[in-house]
Amino acid sequence: MNKNLPGVYTAKKKDNSIYYRSSITLCGKHISLGSYPDEWSAHLAYQEALTLAGTASLSLDDYTSASPLPFFKWVTLINYRDNGLYFSIPIYLKKKYFLYYLEPSYCLKFDIDDLFYYSSKKIMRRGGHLFVNDYGMQCSILNRYGIKNYSVCGKDYRFINGDCSDFRYENIEIINRFHGIACIPDKKHTGCLYKVRIHIRSNYIVGVYGNETEAAIAYNKAIDILKKNGIDRNFTPNYIEGLSPAAYADIYSKLQISPNIFRLTPENT
């Protein structure tokens, strides 16, 4: 540890060049503050961490780009100061939910029940998609809420309050859980019917059904018909949880499929 500048110690890279690391110990918790190219920068980071820890009036709104600490460290330090819990992930706890910061001006809201999961996951954003590395795979965070990768916001699911950064369970409504299904108004009754389409080179109507389970199975039945006719595209069948093979087979056998599906062949599609 450098005796002249508290909170700083030197380290060596693989090429033996020296760089400087900064850290702080708060309430018995040792917290790394990051690496810096020079000793003074590392010391300024340490001083700012001390100030944050001891000044309750400082909030995330006070952060500026001139800060010696990165914004994510502000989040972790202020959360530790206010809530007594340290996360290496930029999480700030509220009473019944928490904020997960991706940048100073953009954070996600999650239910407190999801804290254990996200406190160990780095959320990344690419092209508007949010995902985490889970068991070596990139997984969309939408999957956690039963939303498929192919789902379209506003069509297959929606955020009830209009805030697409609010992933609290009460704010997410799943409209369509399956491939090829669209909910349409039922003019005779309140609620909706389920129109099924299957795409080959264009969309073909499979039929309209009274419930989501029938619609999902009708899509699967259309796939089977098309494959039997020689149209073997890369269709993804719907998986229906909690339905026994016998119940599935019974529904499957009774479903009416549009005659147009039976007429489709490789030659006329």
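## Overall build

Please keep in mind that this is a predicted model. The protein chain contains six helices and 14 strands. Its C-alpha trace extends about 85 × 45 × 35 Å along the principal axes. The radius of gyration is 27 Å, whereas a compact globule of 269 residues would come out near 18 Å.

If you take the contacts between residues at least 6 apart in sequence, 39% of them join residues at least 24 apart.

## Surface, burial and charge

Of the 269 residues in the protein chain, 41% are buried. The accessible surface amounts to about 15,900 Å², and carbon and sulfur atoms account for 52% of that surface.

Turning to charge, you will find 33 positive and 25 negative side chains in the protein chain. The centres of these two sets are 4 Å apart.

## The β13–β14 hairpin

Strand β13 covers residues 192-199 and strand β14 covers residues 203-209. The two strands run antiparallel and are paired over six bridges. Together they make a hairpin, with three residues between them.

## Tyr80, a buried residue in a helix

Tyr80 sits in helix α2, which spans residues 71-83. Tyr80 counts as buried because its relative accessibility is 14%, and the cut-off for buried is under 20%.

Which residues does Tyr80 touch, leaving out those up to four places away in sequence? They are Leu26, Cys27, Lys29, Ile31, Leu85 and Tyr86. Leu26 is one to pick out: Leu26 and Tyr80 are 54 residues apart along the chain, and their C-alpha atoms are separated by 9.1 Å.

## Ser151, a buried residue in a loop

Ser151 belongs to the loop that links β9 (137-140) and β10 (157-159). Is Ser151 buried or exposed? Ser151 is buried, because its relative accessible area is 13% and buried means under 20%.

With neighbours within four places in sequence set aside, Ser151 is in contact with Asp156 and Tyr157.

Definitions and conventions:
Residues numbered from 1 in each chain as written. Predicted model: local features only at pLDDT ≥ 70, side-chain atom pairs only at ≥ 80, totals over all residues. Heavy atoms only, no water. Helix = DSSP H or I, 4+ residues; strand = E, 2+ residues; numbered from the N terminus. Rg over C-alpha atoms; globule rule 2.2 N^0.38 Å. Buried < 20%, exposed > 50% of the residue type's maximum accessible area, 1.4 Å probe, protein only. Contact = heavy atoms within 4.5 Å. Areas by Shrake-Rupley, 256 points an atom, 1.4 Å probe, with all protein chains shown as cover. Lys, Arg positive; Asp, Glu negative; His and termini not counted. Charge placed at Lys NZ, Arg CZ, Asp CG, Glu CD. Pairing = 2+ DSSP bridges.
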